[in-house]
Amino acid sequence: MIMETKILGLDKVKVDSLNQGLNGLLANFQIYYQNLRGLHWNIKGQSFFELHVKFEELYTDAQEKIDLIAERILTLHGNPLHTFEDYLKHSKVAVGKNVSNDREAVELVINSLTPLIELERELLIESADADDEGTNSMMSDFITEQEKTVWMLKAWLA
C-alpha cells in the first residue's frame with residue numbers, strides 16, 4: 001500500500017496540521033454563533049431595535065463562515081467537528097449566558113471576535129507556510145471583515 005504524501009498537491013503533514021487548526025476555528029465559531037443567537041433573542045433596552053438587527057446580521061455571517069470552514073476541512077480531506085461536546089472542548093470563546101444588556105452584549109461580541117482573529121492569524125501564517133492559498137485567502141478575508149466589525153463595535157461603545 002502506497003502512503004499518500006500529498007493532498008491537492010500540498011504536503012499531507014502540513015494539511016493535517018491545518019485541519020486541526022481549522023477544526024479549532026470551527027469550534028470557536030460555533031460558540032460565537034450560539035452567543036450571537038442568544039444575544040439576538042435576549043437583548044433588551046433602548047438599543048433593542050438596532051442591536052437585534054445587528055446580531056442577526058452577525059449570526060447569519062457566522063453561519064456562512066462555519067459552513068465555509070467545514071467545507072474547507074472536507075476539501076483538505078479532514079473531518080469537521082460536529083458535536084457541542086467537541087466545540088466546548090476546543091473553544092477559547094467564552095460562552096455568554098443570559099446577556100441582555102446592550103453594552104455587555106457588544107463587549108461579548110468583541111471578546112468573542114478577538115480569539116477568532118487570533119486563531120485566523122495563526123492559520124494565515126500556517127497556510128502560507130503550507131502553500132495553501134485556499135485556506136490563506138479565506139483567513140485573510142475573515143480577518144479583514146472581523147477587524148472592521150471590532151472597530152465599529154468599539155466605536156459604538158465609546
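**Figure 1. Helix 2 and helix 5 run roughly antiparallel to each other.** In this predicted model, local features need pLDDT of at least 70, side-chain atom pairs count only at pLDDT 80 or more, and totals for chains, interfaces and linings use all residues. Residues are numbered from 1 along each chain as its sequence is written, and side-chain values use heavy atoms, with hydrogens and water left out. The axes of helix 2 (residues 48-75) and helix 5 (residues 133-157) cross at roughly 165° and come within 12 Å. Axes are lines fitted to C-alpha atoms, for helices over the stretch in contact, and angles run from 0 to 180 degrees between N-to-C directions. Angles under 35 degrees count as roughly parallel, over 145 as roughly antiparallel, 65 to 115 as roughly perpendicular and the rest as oblique. Helix 2 passes helix 5 in a left-handed crossing (the near helix is turned anticlockwise from the far one by less than a right angle; clockwise would be right-handed).

**Figure 2. Residues where helix 2 meets helix 5.** From helix 2, the contact includes Glu50, Leu51, Leu58, Asp61, Lys65, Leu68, Ile69 and Arg72. Their partners in helix 5 are Gly134, Thr135, Met138, Phe142, Glu145, Gln146, Thr149 and Trp156. Contact means heavy atoms within 4.5 Å. The residues of this contact divide into seven nonpolar, four polar and five charged (Ala, Val, Leu, Ile, Met, Phe, Trp, Tyr, Cys and Pro count as nonpolar, Asp, Glu, Lys and Arg as charged, and the others, Gly among them, as polar).

**Figure 3. Helix 2 beside helix 4.** The axes of helix 2 and helix 4 are 12 Å apart, and the two helices pack at an angle of about 15°. Helix 2 is therefore roughly parallel to helix 4. Their crossing is left-handed. Leu51, Phe55 and Leu58 of helix 2 make the contact with Asp102, Ala105, Val106 and Val109 of helix 4. By class, this contact of helix 2 with helix 4 has six nonpolar residues, no polar residues and one charged residue.

**Figure 4. Helix 1 against helix 4.** These two helices pack at an angle of about 165°, with their axes 10 Å apart. Helix 1 and helix 4 are therefore roughly antiparallel to each other. The crossing of helix 1 and helix 4 is left-handed. Their contact has 14 nonpolar, seven polar and four charged residues.

**Figure 5. The N-terminal caps of helix 1 and helix 4.** Aspartate 11 caps helix 1, with a side-chain oxygen 2.9 Å from the backbone nitrogen of valine 13. Asparagine 101 caps helix 4, with a side-chain oxygen 3.0 Å from the backbone nitrogen of arginine 103. Helix 4 is followed by aspartate 131, whose phi is positive, near 60°.

**Figure 6. The lengths of helix 1 and helix 4.** At 1.5 Å a residue, the 31 residues of helix 1 (residues 12-42) should span 45 Å, which agrees with the 45 Å between its end C-alpha atoms. The 28 residues of helix 4 (residues 102-129) should span 40 Å, and its end C-alpha atoms are 41 Å apart, which agrees. The expected span is 1.5 Å times one less than the number of residues.

Terms used:
Helix = DSSP H or I, 4+ residues; strand = E, 2+ residues; numbered from the N terminus. Polar contact = N/O pair within 3.5 Å; in protein donor to acceptor, adjacent residues only side chain to side chain.
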